[in-house]
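Try each task before reading its solution.

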Amino acid sequence: MKAYINGISYYLPEKILVNEELSKMHPEWSVEKISEKTGIYQRHISSDNEYSSDMALSAIELFFAEHIITKDKIDFILFCTQSPDYSLPTTACIIQDKAGLSKTCGALDFNLGCSGYIYGLGLAKGLVETGQAKNLLLITSETYTKLINKKDKTNKTIFGDAASVSLITSEPNDDYFKASLDKFVYGTDGSGFENLIVKNSGIKKHTKKSINNYDENGDYKSNDDFLYMNGKEIFQFTSFEVPLLINKTLIENSLEIEDVDMFVFHQANEFMLSFVRKRCKIPEEKFFVSIKDVGNTVSSSIPIALLRAINQKKIVSGNKVILAGFGVGLSLGATVITFE
Amino acid sequence: MDREIFLQKVIAQFVDLDKILSFESNFRENNSYDSLTGMTIMVMIKDDYGIDITENEYRSKKSIAELYDFVNQNKKQ
């Protein structure tokens, strides 16, 4: 039995933050500089009362409007988020009920960020290919923008909110694209956990009081109640680990780089993507980037980019595509998918 | 270790360099320098010279000459 991705839909919140607004908030940053370096011109922001479950539900409604499969056929949901509605219960249970999915449906959350879609595909493949599920929805949804301090211009520039739904099934419908899941490669370096973190987000509180920390130039640096990213460390991790990850993925799947038709990486920011692409020796025409209008949407970035590449006919039947995710954890993963 | 090659490798990390960089110039004062340029210089040093330069060490180097000396000294050890 084989597992296939057999459909993707995604949801973007209505509210948009454009670079001109960011530049007004932080006059030391020009619109040109923001756009040129990040490749991001706008990002979508969840509304004050819109949470990861709400965005997931919107993506699910879109999915069933765009695909022929009915809700009663879904027998498992995997929900990837780091901004769950509650620490407990599992948000996937809330989604099952609100989406009107069957009570015989399995449901669980898993906590990963930029590598989450790859891990979700791996878990889905395991469930489907061992017969534990036939039609599984892999849902990603993040409201990182709610975790960003108003003074944090870097993270405000990079991150956007989004949700996606992918159907992983053993019984694909030929009316939609059909991509089999080949071999996976995973990696973890938990020694870097503090490089991308919201310290006061769990049971283990590090500080009792929310205070802003500034660097020697007076620029905002961190606040333990909000998202902190050590950009230099993340950049180094990505620069050195992703080429190794891609190399291992090629070997595991008995492929040479020339055998791969397209690479879809986690859409971190354009500068980093371009830098990593060159280090992986991937030709520009085989490297799909789609970040301009959405920013870094964490675990939704790969499914959004993948669907856009399919819709733009950059990926067609017969193609082999490498997907790779990397980031918070620090965590990474990659796989090959084959379009039949 | 060739000084000129090192200079060229640092210069290669700049996008749209707007003036000539020398060994003695404060490379951070160039308009096209930003933190991302710094990250790529640090990666280049690790890639090409096998040296892990910490952020604090990197920030303490004001000119390419100081950076070169640091790399040269650590390479000899």
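**Exercise 1.** How are α8(A) and α2(B) oriented to each other: roughly parallel, roughly antiparallel, roughly perpendicular or oblique?

*Solution.* This is a predicted model, in which local features need pLDDT of at least 70, side-chain atom pairs count only at pLDDT 80 or more, and totals for chains, interfaces and linings use all residues. Residues are numbered from 1 along each chain as its sequence is written, chains are lettered from A and ligands numbered from 1 in the order written, and side-chain values use heavy atoms, without hydrogens or water.

Step 1: locate helix α8 (residues 270-279) of chain A and helix α2 (residues 35-49) of chain B; helices are DSSP runs of H or I with at least four residues, numbered from the N terminus.

Step 2: their axes (lines fitted to C-alpha atoms over the stretch in contact, with angles from 0 to 180 degrees between N-to-C directions) come within 11 Å and cross at roughly 20°.

Step 3: angles under 35 degrees count as roughly parallel, so α8(A) and α2(B) are roughly parallel to each other.

Step 4: look at the contact (heavy atoms within 4.5 Å), where Phe271(A), Phe275(A) and Arg279(A) meet Leu36(B), Thr40(B), Val43(B) and Asp47(B). By class, that makes four nonpolar, one polar and two charged residues.

Methods
Helix = DSSP H or I, 4+ residues; strand = E, 2+ residues; numbered from the N terminus. Parallel < 35°, antiparallel > 145°, perpendicular 65-115°, else oblique. Nonpolar A, V, L, I, M, F, W, Y, C, P; charged D, E, K, R; others polar.
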